[in-house]
Amino acid sequence: MRRHGTMTREEACDMLWSLYLISGAPMYEAPDYDSVQPWLYKDERDNDIAAKSGVISALSIMDTKQMSRNLGIHEQRLKHLHAAYAAAIIKRLKSLHLPDFGKKETALKDEIIRSHPANPDGNVIGSDIKDYEWTHRWNNLVTFSSRNSMYHSYVSGFMEKIFVPMLVKYFPDQAGEVVKYIRKAGYGDGEVLDLIDRTAGYNSNTAYLYQGKSGEEHRKKLQQKIRNSCPAASRNANK
């Protein structure tokens, strides 16, 4: 795509099928922090998460108009396909994230520490099988916690910021389509406008998403929140 700016029909087909397969591929099985065996994917770490993120990056830079000409299909069908890919990926990662795991993690670490085998001979940690088993349990827990944080950080720190502006670009003045795909990505009705606020924000391109009673009420709450956080600015605005 970046080499010459356009793709042949064959290249476009290969691209879409590759993105489809990566989008639908299963994630690595989570590390078992009760197991004394090393995690099967310990050398892969977050490659599965990064691959899903790569799909959304690729979608965001595609020229759907050019690709529709290459493939001989309507551009709008491509936009719906891209939106569906991105929504499915985000929903999957959101479903894997455990927001309250941090509360449990401390207790689990304490439990593993207490289970460390006594070492009366003064041997170096890791010099016998029991030490290795303990180390694997500890590493599995740390990896589980790290991946749990990554699910959230990849979604909130990167994917959301591409996903919502992409929907706004694909479906101008079609609030129903934008909301439909946001819901498909795993967000509830009460989360939709909050998501739009922190990604695309309220502006001339997104004003149509704030229409209706719920949108007007949300805007008022947002304006009040801004006034409360910046009282001096609010006083100056009211003069």
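**A walk through the helices and loops**

Modeller: Happy to, and keep in mind that this is a predicted model. Let's start with H74, which sits in the loop between α3 (64–71) and α4 (75–96).

Biologist: Is H74 buried or exposed?

Modeller: H74 counts as exposed, because its relative accessibility is 57%, and the cut-off for exposed is over 50%.

Biologist: What does the side chain of H74 reach?

Modeller: The backbone nitrogen of Q76, at 2.9 Å. As for T64, that residue is 10 places from H74 in sequence, and their C-alpha atoms are 9.5 Å apart.

Biologist: Let's move to α4. How do α4 and α7 pack?

Modeller: Their axes are 8 Å apart, and the angle between them is about 35°. On the α4 side the residues are H80, A83, A84, A87 and K91, and they meet E177, K180, Y181 and K184 of α7. By class, that contact has four nonpolar, four charged and one polar residue.

Biologist: Which residues of α7 are buried?

Modeller: V178, Y181 and I182, within a helix that spans residues 175–184. Looking down the axis of α7, the buried residues fall within an arc of 105°, so they line one face of the helix.

Biologist: Where do K180 and E177 lie relative to each other?

Modeller: Both are in α7, three residues apart, which is about one turn of the helix. In general, an α-helix has 3.6 residues a turn, so residues three or four places apart point the same way. K180 and E177 form a salt bridge, with their closest N and O atoms 2.9 Å apart. K180 is partly exposed at 31% relative accessible area, and E177 is also partly exposed, at 22%.

Biologist: How many salt bridges turn up in the whole structure?

Modeller: The search finds 11. One of them pairs R147 with D48, with the closest N and O atoms 2.8 Å apart. R147 belongs to helix α6 and D48 to helix α2, so this pair ties together parts that are 99 residues apart in sequence.

Biologist: Are R147 and D48 buried or exposed?

Modeller: R147 counts as buried, with 3% relative accessibility. D48 counts as buried too, at 7%.

Biologist: And what about D43, which residue does it form a salt bridge with?

Modeller: D43 pairs with K42, and their closest N and O atoms are 3.7 Å apart. D43 counts as exposed at 66% relative accessibility, whereas K42 counts as partly exposed at 44%.

Biologist: Back to α6 for a moment. What does N140 touch there?

Modeller: N140 lies in α6, which runs over residues 129–170. Not counting residues up to four places away in sequence, N140 touches P31, D32, Y33, S35, Q37, P38 and W39. A polar atom of the N140 side chain is 3.3 Å from the backbone nitrogen of W39. N140 is buried, with a relative accessible area of 3%.

Biologist: And T143, what is that one in contact with?

Modeller: Leaving aside neighbours within four places in sequence, T143 is in contact with P31, W39 and R45. At 7% relative accessibility, T143 counts as buried.

Biologist: You mentioned R45. Where does R45 lie?

Modeller: In the loop between α1 (9–24) and α2 (47–61). R45 is partly exposed, with a relative accessible area of 39%. Its phi is positive, about 55°, although R45 is not a glycine.

Biologist: Why point that out?

Modeller: Because most residues other than glycine have a negative phi. D173 is another non-glycine with a positive phi, about 60°.

Biologist: Where is D173 found?

Modeller: In the loop between α6 and α7. D173 is exposed, with a relative accessible area of 64%.

Biologist: Last one! What follows α7?

Modeller: G186 does, and its phi is positive, near 100°.

Technical notes:
Residues numbered from 1 in each chain as written. Predicted model: local features only at pLDDT ≥ 70, side-chain atom pairs only at ≥ 80, totals over all residues. Heavy atoms only, no water. Buried < 20%, exposed > 50% of the residue type's maximum accessible area, 1.4 Å probe, protein only. Helix = DSSP H or I, 4+ residues; strand = E, 2+ residues; numbered from the N terminus. Arc of directions from axis to C-beta. Polar contact = N/O pair within 3.5 Å; in protein donor to acceptor, adjacent residues only side chain to side chain. Contact = heavy atoms within 4.5 Å. Axes fitted to C-alpha atoms, helices over the stretch in contact; angles between N-to-C directions. Nonpolar A, V, L, I, M, F, W, Y, C, P; charged D, E, K, R; others polar. Salt bridge = Lys/Arg side-chain N within 4 Å of Asp/Glu carboxyl O.
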